[in-house]
Amino acid sequence: MVRKVVTWVDDRLGASRFTRDVLAKVFPDHWSFLLGEIALYCFVILVLTGVFLSFFFEPSVAESVYRGEYEPLQGVVVSDAYRSVMDLSFEVRAGMVMRQIHHWAALVFLAAIVVHLVRIFFTGAYRRPREINWMIGLTLLTLAMFNGFTGYSLPDDLLSGTGLRIAYSIALSIPVIGTWMAFLVFGGEFPAEQIINRLFVIHIFIIPVLIAGLLTAHMALIWRQKHTQFPGGRRREENVVGERLWPTYAAKSMGLFFGVFGILALLGGLVQINPIWLYGPFKPAQVPSPAQPDWYMGWLEGALRLFPAWEITTFGYEIPNPFFPAVLLPGITFTLLYLWPFLEAFFTSDHKPHHLLDRPRDRPMRTALGTATLSFYFILFAAASNDLLAKWLRVPVENVVVAYQILAFALPLATGLGTYLIAKSLTKREAEPPGAAPETARTS
Amino acid sequence: MKVFMTAIAVVVAVGAGIIVWNAYSDRPAEPWLPPAVVRSDSTDGKTLYMRDCAWCHGAEAQGTGRGPNLTERANGTAHIDYVLSTGRMPLDSPDQPMQRRTPIYTQEQIDALVQYAEQQLPITGPAVPELNTTEADLGLGNQLYQVNCAACHASTGIGGALGGGGESLPLISRKAAILAPDLFEATPKEVAEAILAGPGTMPVFGPETFTQRELDSIVDYVGRLTEPHNPGGWSMGRTGPWSEGAAAWLIGLTLMIILIMWIGTRSTE
């Protein structure tokens, strides 16, 4: 009977051939190819926990007196957004752990995307024909950052309110269109009434839908263009060596999903994140210290802290200071990232398709550029917590800033040069068979 | 692969080190040991003052080249009690930084010194405050704390580094760092004294600023804030998004990478 139904369906849809092809699809295996999958599963968990949170969140800045469980807030006037997140944390069953898993998942999501990007970069996986997927990936990174920031701002607490205020002043700093842009996004002078409501729609609907769509495209392209693989063994430009989707790869992937979920649940259950009850509700007149954004925005905050207080005037118009570190720098960063596959093809005159990956040491120039760039952004990121460092070292904040300003130039140079030399010496050592006498010894 | 694993191990070790350091660095590194001079014998205020304080602050608290005048700022015996019970005074040498340490005096000796200062020295200003936390309102204390204290001591109570104001960047500033300490060790009485006396660069919040009830409420809130209880779990020293980012990388993502290294071992074909 079952068989009859199955054949009936198959006759009409031709599903079995399709399924057979799908299940027999081969995936190369190397652990680093699973980094993107970690990001994917973080996204799934973000959606699951996010749906739960959205049942309880109230996107409104209308104010009322807090009368909830958290004693030290009794009688304080708070916005509905803040109160609903407090209730979620202290009164809703499993609310605290859901909130914490959601936030941890967001932090790890972005970390996984960045490491995935770094892997793609260092192995040259973005080369023809995969330039489009590289750009889709970058768009996903940008969207994830924006969504992280909007989510971080939703509870309307003092810390994130300060972040929004900074975002507002950054928008204002854009020449010519700044004021107009800021008003368009925020719906008026900061802190505008509509902002939490707008952020909510962006955070739970617009950006997640875009991410889901682009993720589908990202994976469809991997499917269509096949995955890259490392050279060696039977692996050639024209074949794919690895495990079939069913059962091996699927089993591994399921295992990974539960592993990722388990690790995030452990973090969410055991490690406190974003204690908004300590930060208190947002009040326009207050600024907390130390105020930092989530880590993926840290490089922008760091750039703001390191950029000197210069006043730069062009065409008789003074460009507000935040424009350079907070608009120009990310603008240049992402433009170069988007163009990178084409830039590299242009400079190396290599326009051929590639399905085999590079080992980083075989491309010393690219690898050196990569590590130098990473160290630059790492310094910017570290500079976002200069006040904490100053406190631990018991030195004036100004000195820490100067030290970071110097490091922002010196460290990339040093790491770039060091990487280049190490890569060269590694390939040189491989070229000589082990035990062979070095060239110089033979001539004597 | 080996190099890579070693690199990961190093990163994890360094990261774990930073987290641990971050969680414990607010605690005093080593207990301060009283200098060799035996000080803890007398319980007479005058003897103690003349022997331990006068050589820097003068016999009439008028100040010397080694220590400031104690009457000028008019911050009263509240300030004297504060510096003694937080172990900030006496210094061993005039250039020693003034920091919280284990006090070298017993409570009896502190009381004797405070009494001496009150009765025999021309010190004016707030007296050692009496607290009555039964009247306190936590919510009120919370709001007053956020408005008046959080900018320096952080809303989490961990303290912070205070910038030198809007001056342009000097190459390397020789000034001592201006730090607002964390509040985890202050007793309720010390909190009230700090508020009334405004030690160091902290502003004075006199009776014109806060009523007795407001003072009690802030003290009560600081006590609550600094309880080691964190409803969300381990607080990582409460250093906020910074340590959260570090944990996301060093715990979350690192564990996941170990997981994929385990399930995604490279085929040898």
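**Two interfaces in a predicted model**

Across the interface of domain 1 of chain B and domain 2 of chain B there are two salt bridges, in what is a predicted model throughout. In one salt bridge, the side chain of Lys189(B) meets that of Asp81(B), with N and O 2.6 Å apart. On the side of domain 1 of chain B that touches domain 2 of chain B, the largest share, five residues, comes from helix H3 of chain B, which covers residues 76-85.

Where they meet, 11 residues of domain 1 of chain B are in contact with 13 residues of domain 2 of chain B. The size of an interface is often given as the accessible area lost when the parts come together. For the two domains of chain B, the buried area is about 940 Å², with 50% coming from carbon and sulfur atoms. Within domain 1 of chain B, Arg73(B), Tyr82(B) and Arg100(B) lose the most area to domain 2 of chain B, and together they give 47% of what that side buries.

We can now turn to the contact between the two chains, which takes 74 residues from chain A and 71 residues from chain B. Chain A and chain B bury about 6100 Å² between them, and carbon and sulfur atoms account for 65% of it. The residues of chain A that lose the most area to chain B are Trp31(A), Lys391(A) and Trp392(A), which together make up 14% of what that side buries. One salt bridge is counted between the chains; Glu71(A) forms a salt bridge with Arg224(B), the closest N and O atoms being 3.1 Å apart. There are also 13 residue pairs in polar contact between chain A and chain B, both residues being at pLDDT 80 or more. Several helices of chain A each supply at least two residues of the side that touches chain B, among them helix H3 (35-56), helix H5 (95-123) and helix H16 (397-431). That side of chain A divides into 48 nonpolar, 16 polar and 10 charged residues.

Technical notes: Residues numbered from 1 in each chain as written. Chains lettered and ligands numbered in written order. Predicted model: local features only at pLDDT ≥ 70, side-chain atom pairs only at ≥ 80, totals over all residues. Heavy atoms only, no water. Contact = heavy atoms within 4.5 Å. Buried area = accessible area lost by both parts, 1.4 Å probe. Salt bridge = Lys/Arg side-chain N within 4 Å of Asp/Glu carboxyl O. Helix = DSSP H or I, 4+ residues; strand = E, 2+ residues; numbered from the N terminus. Polar contact = N/O pair within 3.5 Å; in protein donor to acceptor, adjacent residues only side chain to side chain. Nonpolar A, V, L, I, M, F, W, Y, C, P; charged D, E, K, R; others polar.
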